[in-house]
Amino acid sequence: MKWERRAYNISVKMADSVETCRCVEPGIVSELQGSLSGFFSQYGFECYPFKVCWYNYNEKVQLRGLQYDMDTVAFCVISTPEMYGKAFKPFIHGKTIGLDPINECVEHYLKQAIEKLPHEIDIAHDYDYERDNDQIKHRLIIQAAGHVSGAAYLYGRLDINEPPQHNDKFKHGVSMHPTYGGWFAFRGALIFKKLQCPTLPKPEPVMLTDAKIKELFEKFNKQDDTYKDVSSPAMKYSDEQQKYLKTPTKDKAKFLGVEFNLRASSIIKYPNFKY
């Protein structure tokens, strides 16, 4: 997960009309997180609450702000090392897969998680794009959502305790989970359109030591998986999952023992989002 770090700047266009929203106390958000987690934990996912304003005014990444009320509640969803065995393998069993079987799996479980909730919810996937004039851009910078929600701290240049002239090689950011280190993946956000929590407390960041941050970036720039172990994670991807992720796309179906069909994918690369 890489991107160029740039100057802080956002642009937000709010809807012309304001719909009736429900303001709640933090305890209600905690109950909602508990309900979602009860479902997600069965399949190797976790979720972390954040407010739209935390994301829109984050200090880490230049982005186009989410176009919701600033106190709108959302949840950043990640997959843990257990997702491969608990969700992905059962999902693809007996199926004909397309180019994006993991994304299709994630989409399936995110929809299941919210289908019985009495809320209006938008799902923003990590692979969603939108058109901005003649450019195609990510709808959601998921690393920023992960950072502000406390799911995984996003380390960048400013976290390196060295003079600027010596840290030019640390131009890319990297996210680390406090439990799984680099052995996780951001999967999207659930945005509760009409649910607001002005007093939701912002989580305290869980950070590595200066020495570990330096080691993290040195290993991350080697383009291998060694950086994922810097924080001594409690769990990591299985050998099978690591092999699957390194398998060329054309060979993934054979690796999994299922059929492949290019037209089987239900993922639309550039959907038209209405704001």
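Modeller: A residue counts as buried when its relative accessible area is under 20%. Keep that cut-off in mind for what follows; the model is a predicted one.

Colleague: Which residues of α5 are buried?

Modeller: The buried residues of helix α5 are I142, Q143, A144, A145, G146, H147, V148 and S149. That is 8 of the 8 residues of α5 (residues 142–149), so the helix is largely enclosed by the rest of the structure.

Colleague: How many helices and strands does the protein chain have?

Modeller: The chain has 8 helices and 11 strands. Of its 275 residues, 48% are buried. Among contacts with a separation of 6 or more, 76% join residues 24 or more positions apart.

Colleague: How should I read a pair of packed helices?

Modeller: Two packed helices are described by the angle between their axes and the distance between the axes. Take α3 (residues 83–92) and α7 (residues 239–246): they pack at an angle of about 55°, with axes 10 Å apart. That angle makes α3 oblique to α7.

Colleague: Is the crossing of α3 and α7 left-handed or right-handed?

Modeller: α3 passes α7 in a left-handed crossing. On the α3 side the contact uses Y84, F88 and K89, and on the α7 side E240, Q241 and Y244. Sorted by class, this contact has 3 nonpolar, 1 polar and 2 charged residues.

Colleague: At what angle do the axes of α3 and α4 cross?

Modeller: The axes of α3 and helix α4 (residues 101–114) cross at roughly 100° and come within 10 Å. The range for roughly perpendicular is 65 to 115 degrees, which makes α3 roughly perpendicular to α4.

Colleague: Which residues meet there, in α3 and in α4?

Modeller: From α3 come M83, A87, F88, F91 and I92; from α4 come P101, I102, E104, C105, H108 and Y109. By class, the contact of α3 with α4 has 9 nonpolar, 1 polar and 1 charged residues. F88 of α3 is listed in the contact with α7 and also in the contact with α4.

Colleague: And α1 with α4: what angle do they pack at?

Modeller: Helix α1 (residues 26–40) packs on α4 at an angle of about 135°, with the axes 10 Å apart. The two helices are therefore oblique to each other, and α1 passes α4 in a right-handed crossing. L36, F39 and F40 of α1 meet Y109, L110, Q112 and A113 of α4. This contact divides into 6 nonpolar, 1 polar and no charged residues. Y109 takes part in the contact with α1 and in the contact with α3.

Colleague: How do I read a phi value outside the helices?

Modeller: Most residues other than glycine have a negative phi. In this model S232 has a positive phi, near 55°.

Colleague: Where is S232 found, and is S232 buried or exposed?

Modeller: S232 is in the loop between α6 (210–220) and α7. Its relative accessible area is 58%, so S232 is exposed; the cut-off for exposed is over 50%.

Conventions
Residues are numbered from 1 along each chain as its sequence is written. This is a predicted model: local features need pLDDT of at least 70, side-chain atom pairs count only at pLDDT 80 or more; totals for chains, interfaces and linings use all residues. Side-chain values use heavy atoms; hydrogens and water are left out. Axes are lines fitted to C-alpha atoms, for helices over the stretch in contact, and angles run from 0 to 180 degrees between N-to-C directions. Helices (H or I, at least four residues) and strands (E, at least two) are DSSP runs, numbered from the N terminus. Angles under 35 degrees count as roughly parallel, over 145 as roughly antiparallel, 65 to 115 as roughly perpendicular and the rest as oblique. A crossing is left-handed if the near helix is turned anticlockwise from the far one by less than a right angle, and right-handed if clockwise. Contact means heavy atoms within 4.5 Å. Ala, Val, Leu, Ile, Met, Phe, Trp, Tyr, Cys and Pro count as nonpolar, Asp, Glu, Lys and Arg as charged, and the others, Gly among them, as polar. Buried means under 20% relative accessible area, exposed over 50%, partly exposed in between (1.4 Å probe, protein chains only).
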